[in-house]
Amino acid sequence: MDIRKVGVVGAGQMGNGIAHVLAHSGYDVLLTDITQEALDKGVGNIRKNMERQVGRGKMEEAVMEAALGRITTTLALKDLGQTDLVIESATERETVKQAIFEDLVPHLQPHTILTSNTSSISITRLASRTDRPEKFMGFHFMNPVPVMQLVELIRGIATDKETYEACHAVVEKLGKTAASAEDFPAFIVNRILMPMINEAVYTLYEGVGNVTSIDTSMKLGTNHPMGPLELADFIGLDTCLAIMNVLHDGLADTKYRPCPLLTKYVEAGWLGRKTGRGFYDYRGETPVPTR
């Protein structure tokens with residue numbers, strides 16, 4: 001099918017990044033969130049990130065203005081019913097995602113494809129709460145979306161070939177690379193990445209090393225651009241914990257048990273960069289380890 005207009009649910013870090021790359025690639029984008037403040041902030045971040053690209057010579061100013069002109073916003077979820085493709089990018093909580101799809105379904109056109117940017121939740125289970133499981137799949141972008149080249153495409157048990165091919169064509173038009181993943185907890189990237197981060201937290205919890213030594217060891221010893229604890233702060237510790245819980249519950253293996261220290265940080269509201277504190281304290285001029 002010919003996808004021209006895309007609806008994006010959620011104007012946060014992932015949602016505005018997805019809207020950014022879609023608009024830059026020529027798609028008309030309808031962005032929604034639950035408050036006008038969230039929408040204004042999301043569009044503001046898109047403009048700021050595009051201006052940064054212009055400043056670095058990676059985008060012309062006229063291209064930026066044209067892309068921004070292709071983004072419209074709405075507070076009414078039902079307005080996304082007139083789009084050809086919907087990408088849900090709300091918080092990583094299954095009940096929230098299910099409620100969004102249930103509210104959206106009555107307003108959709110028959111041909112509209114539904115997708116979720118979930119990083120771990122069962123696509124088959126989400127699809128079962130809609131009227132079109134054959135037109136439902138996982139569309140997992142990496143953060144930050146304008147920079148990262150990979151998109152995981154995840155088929156549920158009922159996803160048909162035409163839906164997969166249509167989403168694959170969108171990935172190609174965005175200039176990104178698709179990786180096909182089966183519908184198992186956390187798919188490919190987070191199935192590998194999150195246990196590494198969780199083990200780094202265990203290493204901190206058990207006193208094997210402090211925050212600085214753990215991150216320095218992984219950056220210099222394995223050539224990672226960011227240490228695992230720094231990366232966890234960037235992703236959001238609540239998201240890391242949610243994915244580890246999905247892995248632990250879905251695979252019933254104790255090796256995926258979330259570290260108690262990760263749980264404690266989330267309970268404290270120390271979620272990383274977005275709250276100003278996580279494994280590092282970001283409230284000063286330079287980040288300072290919190291342990």
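**Reading the labels on a predicted model**

Biologist: Why does alanine 178 count as partly exposed?

Modeller: The relative accessibility of alanine 178 is 25%. Buried means under 20% relative accessible area, exposed means over 50%, and partly exposed is what lies in between (1.4 Å probe, protein chains only). The value of 25% falls between these limits, so alanine 178 is partly exposed. The model is a predicted one, in which local features need pLDDT of at least 70 and side-chain atom pairs count only at pLDDT 80 or more, whereas totals for chains, interfaces and linings use all residues. Residues are numbered from 1 along each chain as its sequence is written, and side-chain values use heavy atoms, with hydrogens and water left out.

Biologist: What surrounds alanine 178, leaving aside its neighbours within four places in sequence?

Modeller: Alanine 178 belongs to strand E8, residues 177–181; helices (H or I, at least four residues) and strands (E, at least two) are DSSP runs numbered from the N terminus. With those sequence neighbours set aside, alanine 178 is in contact (heavy atoms within 4.5 Å) with Val151, Leu153, His168 and Val171. The C-alpha atoms of alanine 178 and glutamate 152 are 5.8 Å apart, although 26 residues separate the two in sequence.

Biologist: Why is arginine 283 called exposed, and why does aspartate 281 count as buried?

Modeller: Arginine 283 has a relative accessible area of 56% and is therefore exposed. Aspartate 281 has 17% relative accessibility, so aspartate 281 is classed as buried. The two form a salt bridge, with 2.7 Å between the closest N and O atoms. Arg47, Glu51 and Glu65 are linked in a network of salt bridges.

Biologist: Why does lysine 41 count as exposed?

Modeller: Its relative accessibility is 59%, so lysine 41 is classed as exposed. Lysine 41 lies in helix H2, residues 36–55.

Biologist: What makes the peptide bond between asparagine 143 and proline 144 a cis one?

Modeller: Omega is about 0° for the bond joining asparagine 143 and proline 144. Proline 144 sits in the loop between strand E6 (136–141) and strand E7 (150–155).

Biologist: Why is alanine 186 called buried, and why does phenylalanine 187 count as buried?

Modeller: Alanine 186 has a relative accessible area of 0%, so alanine 186 is buried. Phenylalanine 187, at 5% relative accessibility, is therefore buried. Alanine 186 is placed in the loop between E8 and helix H7 (189–205), and phenylalanine 187 is in the loop between E8 and H7. Phi of alanine 186 is near 70°, a positive value in a residue other than glycine. Phenylalanine 187, not a glycine, has a positive phi of about 60°.

Key:
A salt bridge is a side-chain nitrogen of Lys or Arg within 4 Å of a carboxyl oxygen of Asp or Glu.
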